Amino acid sequence: MSTNPYAVPPFEQHQAPEPYVQPKQTSRAVPRVISALGGVLLTPVALGLVIYAGSRLQRMFAQAYTVGDDLLGLFLLLLGGVLLLGVALLGALSGLGPVIGGLMWGVLPGLTVFLSPRDFLGLMYDVGGRELGVGVVTWMVMGALMGSGFLLIGAGLVGTLARRRSNRV
């Protein structure tokens, strides 16, 4: 304590904050791991469902000019679309998941078709079976698999950019 009678009591003094103190950041490891695992594991399932269902519906349409009779195909198509939406929404946690899923299961296989088409297309027929193999080959040749990969990469980048801009007004 000071003996000065004119001294301001300590409870009335305003402490200026330190100008370079940064707010404490929480760890982003858990959201990144969840998003990355979701992107790696859900993307091939979602794309496989959409491709398989599309192949079933295309065959049904070629035979009878209708797709409404194949309820399993319609259900699998919707389920695959919802799972792809889920992968894209993982970008809200971390952009890593949709980017990895899109790159690994969309863009790279799509580019591989252009580099070595016969080997890769033969492998797809052997591994995927009749319907899935035909569907995957159709998607690859049309560029739809690469396009969906780029869309997932875009969703991951948008999620990352939106999270970075969320504190700005």
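## Helix H2 and its surroundings

The buried residues of H2 pack against helix H1 (29-64), helix H3 (96-115) and helix H5 (144-165). Contact means heavy atoms within 4.5 Å. Helices are DSSP runs (H or I, at least four residues), numbered from the N terminus.

This is a predicted model: local features need pLDDT of at least 70, side-chain atom pairs pLDDT 80 or more, while totals for chains, interfaces and linings use all residues. Residues are numbered from 1 along each chain as its sequence is written, and side-chain values use heavy atoms, without hydrogens and water.

| State (relative accessible area, 1.4 Å probe, protein chains only) | Residues of H2 |
|---|---|
| Buried (under 20%) | Gly-73, Leu-76, Gly-80, Leu-84, Val-87 |
| Exposed (over 50%) | Leu-71, Phe-75, Leu-78, Val-82, Leu-89 |

Seen down the axis of H2, the buried residues fall within an arc of 75°, so they line one face of the helix. The arc is taken from the directions from the helix axis to the C-beta atoms.

A search of the whole structure finds one salt bridge (a side-chain nitrogen of Lys or Arg within 4 Å of a carboxyl oxygen of Asp or Glu). Arg-56 and Asp-70 form it, at 2.8 Å, N to O. Arg-56 lies in helix H1 and Asp-70 in the loop between H1 and H2, so the pair ties together parts that are 14 residues apart in sequence. Both Arg-56 and Asp-70 are buried.

Phe-114 lies in helix H3. Phe-114 is exposed, with a relative accessible area of 56%.

Note on methods. Helices (H or I, at least four residues) and strands (E, at least two) are DSSP runs, numbered from the N terminus.
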